[in-house]
Structure formats: C-alpha cells, structure tokens
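Hi everyone, thanks for coming. Let's take a few minutes to walk through a fold together, so please have a look at the screen.

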Amino acid sequence: MKYIMVTNWRGHWDQLPDNRALFTKTMFRNPMDEGKLIGNTETVFIKRNRETRKIEGCWEGKVSDFKTARYKDLDAISFRVGITDRLDCPSEYRDYSEGWYCEGESRSENSSWLYAQSLRKKKQPENKDKNYWDGIEKDFGISKRVFGKNISFVKNQFKREIIFRDVEQAYFLAKNDFNKPAVILAGGVIEELLRLFLDNKNENVKNKRFEELIEICQKKGFLKEEISNLASAIRRFRNSVHLAAEKSKKYTISKATASATVALIFTIVNDFQKE
C-alpha cells in the first residue's frame, strides 16, 4: 500500500515542526479510511501553491506514529513524517487535489508496523523490550544502555524514543524474514541519526538528502571512508526497492542484506564515538 498526501499549507512537507503533521478525517479520499492507518507506509508528499495550484514540491518517505486529534472541532489524525528524498512529482499524481489518498492493498510486505504487531503477539514474550535488546546484544554485541550512550547527541527525548522503537522493529523484521521493510526502516534510522549528529555539530543539514549527509560526514572526517561507502550502498539499495522501482526479482532483498543494514546502525554510531 502507498499513501499520497497533498496539501497547500505553509511548511509542508520538509519544514514541519518536530516532523509532525495533522489531517482532519474530512481530508480522507476514497478508499482511504481509518482501517488503512498502517505505520511506516510508503508515502508521496505533494505541496501545491494555494493561489496558482502549481506543484511546488514533491517528496517520498513514510508516515508513522498515528494519534487521534481534534482540529477546529473536527476529528483528525496526527502523524510523524519521515522524508527520505525529493523527487519529481509522478505524472499520475499531478492532478490530485488536497487530501489523503491511498492505493494498493493494506496487507503488503511494506506494512511493517502491521506485520510486526501481528507477529509479536504470536512470538514475543511479555517483556518484549528486553527480548529485543537481548537479541541485539547477542547478534551485534551492543546493549541498549551502550547504544543510548552512543547516541547522546540526540538530545530530544521524543526522538530518542522513536529511534529506539524503530531500531527494535527493524531488528524484529530482519529476524523474521521481512527483509524489505527491515532495510527501509533501518535505512530511515541511519539517515535520521546522520542528520541529528550533524545538526549537533552545527552543520547546515536543512533539506539535505541522504547522500549529502554521508558526503558531509566523510568530508569532515566523522565517518571512515569504508563506512560511508557502505552507507551509500545501503541508501541506493533501499531506494531501488521502493514500490515504484521494484520491477524485477533481481531487486529481492536477502536476509543477509537486511541484517547488514540493521548492523550498520550500530557501526555508524560507534564510529561517531571515535571521531
């Protein structure tokens, strides 16, 4: 499934406070409804000019962390926006008016949050947080406490919680052979960690793409060249398996690639500690 979200509002979609936005339910466009609220769904974000109606920008990414809300006495849904790249607006969406659209079936491999929740009920014990990090420490040699210290540059507590959550879910997905959503989710974590690290170093990262963040880190000596190259490869591979690009079985992601992408999260933050 994929969302298409269209607005003409100031700050959308690349300058949102805390990367959160809100749509009233009146913005749902058939067949979009509350039953299709699935975390980490791939999304095309479109910004139109309020007066001219011309498309001012288009981005791809995902939405997550849905919460019920109210806006001007209307029921609404707030959500977190995670932009991965800027792109030319696909021709099939150029005539879309403001609203929240969806296409495709909801039960797809990209519905990582849905799969994680259903599988977790069957396979995970009550203390799921401890179980995740026990596994992470066994497989990658890093505890939750050490990882927390390694991302001390993330000052915002809400962002820290989001990072911990997405790391746990990426690990869970990779362990249970949901390789594509594991790579997409882990790639998003890596991009956000690079952005927050550089922001903490007072680097100008506003509107920077994933590859630009990697280039800055390498140029400044924040990441070793081989790690930068690996991060770039992961970024390209993650983008190649977006729904729009996945046209052949040759793009199928292996379990090894999914595990390597999750491992790169810990490799990068460990490298930050040595710069």
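A quick word on terms before we start: when I say two elements touch, I am talking about contact, which is heavy atoms within 4.5 Å. And please keep in mind that this is a predicted model.

Let's begin with the sheet. Six strands make up an open sheet with mixed pairing, and the order is β2-β5-β4-β3-β1-β6. At the edges sit β2, residues 20-24, and β6, residues 99-103, each pairing on one side only. On average, neighbouring strands here are turned by 35° against each other, ignoring direction.

Inside that order, β1 (residues 2-7) and β3 (residues 41-48) run parallel and are paired over six bridges.

Now, which strands does α4 touch? α4 packs on the sheet against β2, β4 and β5, and its direction is at about 100° to that of β4. Helix α5, residues 179-200, lies across β3, β4 and β5, and runs at about 80° to β5.

On to the helix pair. α4 (residues 157-175) packs with α8 (residues 255-272) at an angle of about 160°, and the axes are 9 Å apart. Angles over 145 degrees count as roughly antiparallel, so α4 is roughly antiparallel to α8. The crossing of α4 past α8 is left-handed.

Who meets whom? From α4 we have V167, A170, Y171, A174 and K175, and from α8 K255, A258, S259, V262, I265 and F266. Sorted by class, that contact has eight nonpolar residues, two charged and one polar.

Terms used. Residues numbered from 1 in each chain as written. Predicted model: local features only at pLDDT ≥ 70, side-chain atom pairs only at ≥ 80, totals over all residues. Heavy atoms only, no water. Axes fitted to C-alpha atoms, helices over the stretch in contact; angles between N-to-C directions. Helix = DSSP H or I, 4+ residues; strand = E, 2+ residues; numbered from the N terminus. Parallel < 35°, antiparallel > 145°, perpendicular 65-115°, else oblique. Left-handed = near helix turned anticlockwise from the far one by under 90°. Nonpolar A, V, L, I, M, F, W, Y, C, P; charged D, E, K, R; others polar. Pairing = 2+ DSSP bridges.
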